[in-house]
Amino acid sequence: MKFLCVECDRQMQFEERQLPGDGTLAAAFRCPTCGRVVALLTNPMETQLVASLGVKIGGTTISPQPMETVRGMLVTGKADAFDEDRERGAGSSPIWSGEAQERLARVPGFVRGMVKRIYLDYAKDRGIAEITPAVMDTARTDLGLEGM
Amino acid sequence: MTLNIRTYHELTEADRSDLPGQIGSQRRRVADRLATVRRVVAVLSGKGGVGKSFVTAGLARALARSGRATGVLDADFNGPTIPALLSLPVGRCTLHDDGIEPAVSAEGVRCFSMALLLEDGRPLAFRGPETEGHVWRETLEAAALREFLADVAWGALDELLVDLPPGVQRFQELTELLSAPPAVLAVTIPTPESRDAVRRALRAAIDLKATPLGVVENMVGGPFAGSAADDLAAEFGIPVLARVPFHPADGTWEDIVRSAL
């Protein structure tokens, strides 16, 4: 999807995305000429359809995880389906705050390993030393993890 | 005021979302993964209960025993049976950065199936809105097929057999994901009802430029009467590769491999 600022006859540029709740995905676009901002709001079914396609509105900066869509969407998966003990890349790994660990523990076992990996990659890429719930919220919005 | 509305493709400035680019990247990932697979063979019927998975497993074992590098992608996500038919070892799936290792049977058949991921006895269920699930469920199953093709570390294979569910939808999704249409092996039982369902499926496959290798008639010599395989062979100009009895004799699958694969 693209947005056209009809008055300026300019293609609007993606600005940011938010997940305000109840399955809504909000994507904001700004006109580079007049600065007007419009927000696209999807209903839960539309949000789900986008996630089902395995694409991210606004793009993403981290590499896709193997079987990302299946692992992110399946709710009847075995908790121990995957051997997740792997490290990627060089450098020291960010630490997890207690609150972030508690939140991670509430993620279903089937998808927990992948979610943990995504947050670790996000933090490493940005030089974040400690993963907190706030970092998780930002990553979730930035990376388009609607289904997780 | 006259609005100067333009088409999607007329707006050519850089687009951070680049959704067509993301889709293209997904397709390239499938092509890259399958670059080392010599041939994809879709095992199709259009009719449920004719023994597609049984035939797929028998052929895969025979191919592996003959020294061919063989994989099976179990594309029946709602009723996956291939791991049981191949007597796959129970274990966790091993992840690497670029893919998931397939399970390997005693004969060396590499396999991936939804059965390796689902909790025992639980149905395939996805997170999402509780109503109007038809809007996105098929899309998710198509995404699962794409990820099974692209994200399993199949390695170099002579044949990748794709065990399809009844109907033609999964076959159509498969064809859209591959860079060239797959070969097709049709499975039927002798009855006219099965023949008619398989006829539709074969016609759909041929319309999508797939190459039919032939038809296997399963469950021959039992309570099912008819001449489905001969009828289909005559109509489509394809060989009857085998007539498989309820209890196949040793060497049945090897005969099919020698004659068709």
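In which sense do strand S6 of chain A and S3(B) pair, and over how many bridges? I looked this up before anything else. Strand S6 (residues 82-83) of chain A and S3(B) pair in the parallel sense, over two bridges. I took strands as paired if DSSP finds at least two bridges between them. Helices (H or I, at least four residues) and strands (E, at least two) are DSSP runs, numbered from the N terminus. I also noted that B:Cys93 in S3(B) is the bridge partner of A:Phe82.

**Ground rules.** This is a predicted model, in which local features need pLDDT of at least 70 and side-chain atom pairs count only at pLDDT 80 or more, while totals for chains, interfaces and linings use all residues. Residues are numbered from 1 along each chain as its sequence is written, and chains are lettered from A and ligands numbered from 1 in the order in which they are written.

**Where the chains meet.** I call two residues in contact if their C-beta atoms, placed from the backbone, lie within 7 Å. The contact between the chains takes 37 residues from chain A and 42 from chain B. On the chain B side, helix H1 (19-33), strand S3 (93-96), strand S4 (99-100) and helix H4 (137-151) each supply at least two residues. H4(B) gives the most, with six residues. By class, I found 21 nonpolar, eight polar and 13 charged residues on that side. Here Ala, Val, Leu, Ile, Met, Phe, Trp, Tyr, Cys and Pro count as nonpolar, Asp, Glu, Lys and Arg as charged, and the others, Gly among them, as polar.

**The sheet in chain B.** I followed an open sheet of eight strands, with mixed pairing and the order S5-S6-S2-S7-S1-S8-S9-S10. Its edge strands are S5 (103-104) and S10 (240-245), each pairing on one side only. Inside the sheet, S2 (residues 70-74) and S7 (residues 157-163) of chain B pair in the parallel sense over five bridges. B:Val72 stands opposite B:Leu161 in S7(B). Helix H6 (residues 192-207) of chain B packs on the sheet, touching S1 (37-44), S8 (183-188) and S9 (211-220), and its direction makes about 170° with that of S8(B). For such angles, axes are lines fitted to C-alpha atoms, for helices over the stretch in contact, and the values run from 0 to 180 degrees between N-to-C directions.

**Two helices in chain B.** I checked H2 (residues 52-65) against H8 (residues 252-260) of chain B: they pack at an angle of about 75°, with their axes 8 Å apart. H2(B) and H8(B) are therefore roughly perpendicular to each other (65 to 115 degrees). Their contact divides into six nonpolar residues, one polar and two charged. Among the residues of H2(B) that meet H8(B) is B:Leu59. B:Leu59 touches B:Leu161, B:Trp253, B:Ile256, B:Val257 and B:Leu261, not counting residues up to four places away in sequence.

**Chain A, briefly.** I counted five helices and eight strands in chain A. Along the sequence they follow the pattern β-β-β-β-β-α-α-β-β-α-α-β-α. The C-alpha atoms of chain A fill a box of roughly 55 × 35 × 25 Å, taken along the principal axes. Of the 148 residues of chain A, 34% count as buried (20 or more other C-beta atoms within 10 Å of a residue's own, with C-beta atoms placed from the backbone).

Conventions. A residue is buried if 20 or more other C-beta atoms lie within 10 Å of its own, exposed if 12 or fewer, and partly exposed in between; C-beta atoms are placed from the backbone. Angles under 35 degrees count as roughly parallel, over 145 as roughly antiparallel, 65 to 115 as roughly perpendicular and the rest as oblique.
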